[in-house]
Amino acid sequence: MSDCLFCKIVAKEVPADVVMDTARTLAFRDVNPQAPTHVLVIPKAHHENAAALAAVDDGLADDLLTTCHAVAVQEGVAGSGYRVVLNTGPGAGQTVFHVHAHVIGGRSLAWPPG
Ligand code: 5GP
Ligand code: ZN
């Protein structure tokens with residue numbers, strides 16, 4: 001998709017701090033991190049949100065989750081615990097409409113907050 005920010009990161013037209021690059025996924029640090037580890041994991045193929053990704057019956061959602069865990073291991077947060085978030089739709093706070101999983105860790109993540 002030509003005007004999609006994350007497609008441009010995949011195409012290397014926009015720079016990103018890439019931490020993992022697999023056949024079908026890319027992981028890079030969030031530009032506005034909410035925790036010591038805050039990595040975005042995306043499929044290289046453009047799908048708008050988690051619902052669209054789930055509708056693709058080719059294992060891509062599996063690949064995304066596998067990369068999320070591999071990133072957590074690489075970042076050293078798999079043992080202490082990490083959160084995977086897929087904001088889906090504007091009402092949930094999705095602002096970039098290329099599906100992305102936030103992998104967040106490295107601090108206490110008690111839920112619900114407060
Ligand atoms: P959303 O709110 O859609 O779930 O998450 C979008 C995320 O993308 C936000 O956490 C935001 O900080 C991040 N983001 C927005 N623009 C860029 C960018 O150009 N580069 C990187 N690495 N992250 C970005
Ligand atoms: Zn895209």
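Start at the zinc ion (ligand 2): its four donor atoms subtend angles of 107 to 117°, so the arrangement is tetrahedral. Bear in mind that this is a predicted model.

**Stop 1: the zinc site**

Keep the zinc ion (ligand 2) selected and show its donors. They are Cys4 (SG), Cys7 (SG), His46 (ND1) and His98 (ND1), at 2.0 to 2.3 Å. Along the sequence, the donor residues follow the spacing C-x2-C-x38-H-x51-H. Now pick out Cys7 and His98. This pair links distant parts of the chain, 91 residues apart. Cys7 sits in helix α1 (residues 5–10). His98 sits in the loop between β4 (82–85) and β5 (101–105).

Colour the two by accessibility. Cys7 has 12% relative accessibility, and the cut-off for buried is under 20%, so Cys7 counts as buried. His98 is at 0%, and therefore counts as buried too.

**Stop 2**

How many aromatic pairs does a search of the whole structure find? The search finds one. Phe6 and Phe28 form that pair. Two quantities describe such a pair of rings: the distance of the centres and the angle of the planes. For Phe6 and Phe28, the centres are 5.3 Å apart and the planes are at 75°. The geometry is edge-to-face.

**Stop 3: ligand 1**

Select ligand 1 and display the residues around it. There are 15. Which of them come nearest? Asp30, Asn87, Gly93, Thr95 and His102 do.

A nitrogen atom of ligand 1 lies 2.9 Å from a backbone N or O atom of Arg29. At Val31, a polar backbone atom is 3.3 Å from a nitrogen atom of ligand 1. At Val96, a polar backbone atom is 3.1 Å from an oxygen atom of the ligand. Then switch to a surface view. Ligand 1 taken alone exposes 520 Å², and the protein buries 80% of that.

**Stop 4: the histidine contact**

Return to His102, one of the residues that come nearest to ligand 1. Show its side chain together with that of His38. The two side chains make a polar contact at 2.8 Å. His38 lies in strand β3 (residues 37–43). Is His38 buried or exposed? It is buried, because its relative accessible area is 5%.

**Stop 5: Leu109**

Move to the segment after β5 and select Leu109. Its relative accessible area is 18%, so Leu109 counts as buried under the 20% cut-off.

**Stop 6: Lys12**

Finish with Lys12, in the loop between α1 and β1 (18–21). Check its backbone torsion. Most residues other than glycine have a negative phi. Lys12 has a positive value, near 65°. Where does Lys12 fall, buried or exposed? With 70% relative accessibility, Lys12 counts as exposed.

Methods. Residues are numbered from 1 along each chain as its sequence is written. Chains are lettered from A and ligands numbered from 1 in the order in which they are written. Side-chain values use heavy atoms; hydrogens and water are left out. Donors are N, O and S atoms within 2.8 Å of the metal (3.2 Å for Na, K and Ca); water is not among the atoms, so sites may look incomplete. Four donors count as tetrahedral if all angles lie between 85 and 135 degrees; four count as square planar and six as octahedral if opposite donors are over 155 degrees apart and all others between 65 and 115; anything else is irregular. Helices (H or I, at least four residues) and strands (E, at least two) are DSSP runs, numbered from the N terminus. Buried means under 20% relative accessible area, exposed over 50%, partly exposed in between (1.4 Å probe, protein chains only). A residue is near a molecule or strand if one of its heavy atoms lies within 4 Å of it. A polar contact is a pair of N or O atoms within 3.5 Å; within protein, one must be able to donate a hydrogen and the other to accept it, and residues adjacent in sequence count only if both atoms are side-chain atoms. Accessible areas come from the Shrake-Rupley method with a 1.4 Å probe; for residues, only the protein chains shown count as cover. Rings of Phe, Tyr and Trp (its six-membered ring) pair if their centres lie within 6.5 Å; planes under 30 degrees apart count as stacked, over 60 as edge-to-face and the rest as tilted.
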